[in-house]
Amino acid sequence: MSGRDKAREKHISEIAAAVGVNPSALRFWEKKGLISFGRSDENNYRTAGLPQLLRAFDIVIFRSLGMTIDEIKSCLLADADEMPELLEAGAHRAEEQIARLREALINLRKRRDAVLAARELAARGLRLVRAALPALSPLSYDNSEDIRLMMLAPEATGVVMRRGGVPEAVALGEPAEEETDAAEGLLALDTDTQLPLNAEEFFAFADALGRRPGRLIGRYLATFSEGGARRDFYRATLELLS
């Protein structure tokens, strides 16, 4: 080997650092036949040149797509006739993963915003507003479509209750054309029992205004711990009737 070739060789730890894996991963891949390294004459250390570096990058990419060792081996051993189809399949797999990650990112940010909204409502307390109340339809945990709605669009679901009653799960539809007086604030339910924890505060607010309370409607925001206990939080509006 020429002096220039030796200068291009890298110790396995340097290759591992370059591709962002542990040296043990490279040793495992070598054991499984995905990659092969030379050996240093001086100390028998694994050595690698440009081909090993490029192959290691390929393996990292294939592993990120969730491919098995056997699937990766098939790609690495493919000839020029097989390679385009295999690479296109990998590209399609990557596109699917990107789509899932984008959806996850959107959902994470929606949940972050919902928690921030809950915190803002808690800090502001109850207030008198004019609100267009949404249409309501019952939800059932025995109905697969209702469960799907609760999972994929929880912000379109909520609860409704009256004074002295218990919350009922509902889907929230389009708001009414006309607005009505309402008390707006943060409604909390115990996650385990689904019993309201502060609903009476809304009804007491109506009493203080000399108004008759109607339906208390909550739109789901977020679930998180408060004082060590899990709570479900809703942006809630209480109808204030004459």
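Tutor: The largest nonpolar core contains 18 residues, and Leu 26, Leu 34, Ile 59 and Ile 72 have the most contacts inside it. A nonpolar core here is a set of buried Ala, Val, Leu, Ile, Met, Phe, Trp, Tyr and Cys residues joined through side-chain atoms within 4.5 Å; buried means under 20% relative accessible area, exposed over 50%, and partly exposed in between (1.4 Å probe, protein chains only). At least two residues of this core come from each of α2 (12-19), α3 (23-31), α4 (50-64) and α5 (69-77). Helices (H or I, at least four residues) and strands (E, at least two) are DSSP runs, numbered from the N terminus. The model is predicted: local features need pLDDT of at least 70, side-chain atom pairs count only at pLDDT 80 or more, and totals for chains, interfaces and linings use all residues. Residues are numbered from 1 along each chain as its sequence is written, and side-chain values use heavy atoms, with hydrogens and water left out.

Leaving aside residues up to four places away in sequence, Ile 72 touches Leu 34, Ile 59, Phe 62, Arg 63 and Met 67, where contact means heavy atoms within 4.5 Å. A second, separate core has 14 residues, among them Ala 199, Phe 203, Ala 206 and Leu 216.

Lys 32 is located in the loop between α3 and β2 (38-39). Lys 32 is partly exposed because its relative accessible area is 36%. Not counting residues up to four places away in sequence, Lys 32 touches Ile 69 and Lys 73.
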